Amino acid sequence: VLAEKRSLGSRDGPPHLVVLVPLHSSAAAHDTLRLLQSQDSAVVRGDDRGAGGFALLCPRLKQRWRFVTTQTGDLHAVLDLAKVADSLLFILDPTDGWDSAGEHCLSCLFAQGLPSYALAVPGGTDLPPKKRIDARKKLSKAIEKRFPEAKLFPLNTEQDSSLLLRHLATQKQRHLTFRDRRAHLLAYAAEFVPAQDSHLVGTLKVSGFVRGQTLNVNSLVHIVGHGDFQMSQVDAPPDPLSLNPRVVKGQKRSQDMEIQEDTLNGTSEMEEDIKVLMKADPSKQESLQSEVVPDPMEGDQTWPTEEELQEAEASLKANRRMVKVPKGTSKYQAAWIVDDGEEGNEEDDGDDDYEDDDIDEDMMEEAVSQEGESEEEEEPLEEESETMTVSECLRDEQYDEKVEEDEEMLERYKQERMDEMFPDEVDTPRDVPARVRFQKYRGLKSFRTSPWDPKENLPRDYARIFQFQDFSRTRKNLFRQIEKEESQGASVGWYVTLHVCNVPVSVMESFKEGKPLVLFSLLPHEQKMSVLNFLVRRHPSNSEPVKAKEELIFHCGFRRFRASPLFSQHTSADKHKLERFLRPDAALVVSVYAPITFPPASVLIFKQRSNGMHDLIATGSLLSVDPDRLVIKRLVLSGHPFKIISKTAVVRYMFFNREDVMWFKPVELRTKWGRRGHIKEPLGTHGHMKCHFDGQLKSQDTVLLNLYKRVFPKWTYDPYVPEPEPWVRSESTLPVPEVEME
């Protein structure tokens, strides 16, 4: 612990990265920076392209800091900087502490994972002494909920700033596991070299201090918000924030600021001192392949072997029977003629079982034939029931459009309420036979114990993803290898320049606008697509209904992307019931197609409003990477008892024709009051049926029939997430951006 504390900010370690986060619109972040710069015997160097950040070098204390500021309300910048920051410095208002935007920012930071932090309160000197003491007591009481053991640091004099710096340097560092196991850096300077054939793509030279783990040139890097890329080489330029002035040879100390500005612009004059540390080896370099290219001929049926043909012929001969038929009868007609012996035996039974079975077979064959004829007609109906609601960015210029949004929200509230009152219940269609409409569903004797093959009827998207034979074992071996083996590359604390290949020019444009440029090295397999399962809980600040397969924004560890998830219950069984809405009172599992990430990793889920703002709707963590997790959609058909005679009842309104009753006859029935039974026979031609139960029904009871089908996520993964609008309480003053949806 002592070695880690001494290396941070020292000569051999990376500078102590402190991110200033104003939690109130009136928080004096500028005064805080001015006081921190006024340290005795300290060298101040500006950076961040004039965005207000600076580096502070204290040779007397043998410490160096880098302070980076964030714009108020820029949520992506705050979250990205918090991923790599050593300490967060929260700037509070002396009277109110934080406002609604600061509360939203704190909720996101706590859910993502909070590094070491300090609370600074600049200002408040204009208040009378008594009111100043009362305001401080009130503020101390207000922060107890979020920061139970935190200490407030007043920041009005140089002595206060010295105490704050000493606290930042000596406090215990809090670890974020997802970044401690991966090399990462915050860009200090960047230069874009366009490719010869296109100016839109080129090589990005990113300079910064390596943190976390040793950086290998053959591994992939992920630029937060932009995607995965390969590196061609790693250079070692002179350290611009060195505590030892002899590192920069032949340069005067008065020219430090000019050297720093040239380095930021990518026109450093010290290229003769740059050393090439390592170059990528194509034979050892990780591939960028994220999906499997499926072979459409791989699933075709092969020609049967001679043994299989002989077995089929033998089984046909064994099933043949000799029957006397009239002359000229075809094979098809002969199959329907019953033998005299069989007919005599059936007549001796003395009951109506044969007649019922004959009707059952007729209905089953007719349903099978109708299923084949209406297969093309059924597909659009099934797709219609599975349509997802995509949140579009609409212009909020006219009042009528607001009314339309209110009507849509009211309809969603009604659907959520109906799903709570009558879970999974649907009305049986009158215009389409139920055996056709629900032909993809099946009945289960027991949802918990009945078998279900996870490799059965997989969609085409499953041919594009990767799956581990044993994910937990692979993860343990990988982390054990990181802890024990020393990998070759740039060590922690080195100032290096990474040559990142095939980077779009938009990354450099974002960096010039003042956005932070954060890079993470990827572990093996983390660029490949699979099915990720997140365990999340609804955030109490949001109560709007969120439907399954609705497009949401995910912040998973160091990644952020858009996807359409499935919601399912979190149980220890092998099958998990689909939830149509994100429940506010229980933890749910969210399943999406996304690149593999090794847990632990925090997860934040946002929903984009029509005006571009992002609302935090759920938080949690990465549960597993498992495509075989069975998410089962339950569908409940309901009927009502018409006549009750002892344990037998006549049920109506579940089906509306005789054929549907015969089709669903094998499925077990249950009631809302706990009775179980089965369909005995249909009555008439309008869907009435005689049912037998294990006890007498009550007249107010409801008869239910459960059907099940496995569902899969929608492949809508998009690694590009547009920047959100600043989060404020009022929405009327925000401009509405035009975002083109796919």
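Glu306, Glu307, Glu308 and Glu311 gather on the surface as a patch of negative charge. The model is predicted. Strand β18 pairs in the antiparallel sense with β23 and with β25. Val44, in strand β2, is partly exposed.

**Negative patch**

- The patch is made up of Glu306, Glu307, Glu308 and Glu311.
- Glu306 belongs to helix α9, which covers residues 306-319.
- Glu306 has 54% relative accessibility, so this residue counts as exposed. The cut-off for exposed is over 50%.

**Strand β18 and its partners**

- Strand β18 runs over residues 529-538. Of its 10 residues, 8 are buried, so the strand is mostly covered.
- One partner is strand β23, residues 588-595. The pairing is antiparallel and has 8 bridges.
- Within that pairing, Val531 has Tyr593 of β23 as its bridge partner.
- Another partner is strand β25, residues 614-625. This pairing is also antiparallel, over 7 bridges.
- Here Leu532 stands opposite Val625 of β25.

**Val44 in strand β2**

- Val44 sits in strand β2, residues 43-46.
- Its relative accessible area is 30%, so Val44 counts as partly exposed. That class lies between the 20% limit for buried and the 50% limit for exposed.
- Val44 and Leu57 are 13 residues apart along the chain. Their C-alpha atoms are separated by 6.5 Å.

Notes:
Residues are numbered from 1 along each chain as its sequence is written. This is a predicted model: local features need pLDDT of at least 70, side-chain atom pairs count only at pLDDT 80 or more; totals for chains, interfaces and linings use all residues. Side-chain values use heavy atoms; hydrogens and water are left out. Buried means under 20% relative accessible area, exposed over 50%, partly exposed in between (1.4 Å probe, protein chains only). Helices (H or I, at least four residues) and strands (E, at least two) are DSSP runs, numbered from the N terminus. Two strands pair if DSSP finds at least two bridges between them. Patches are made of residues with over 30% relative accessible area and no salt bridge: like charges are joined within 9 Å, nonpolar side chains (Val, Leu, Ile, Met, Phe, Trp, Tyr) within 5 Å. Accessible areas come from the Shrake-Rupley method with a 1.4 Å probe; for residues, only the protein chains shown count as cover. A salt bridge is a side-chain nitrogen of Lys or Arg within 4 Å of a carboxyl oxygen of Asp or Glu. Lys and Arg count as positive and Asp and Glu as negative; His and the chain ends are not counted. The place of a charge is taken as NZ of Lys, CZ of Arg, CG of Asp or CD of Glu.
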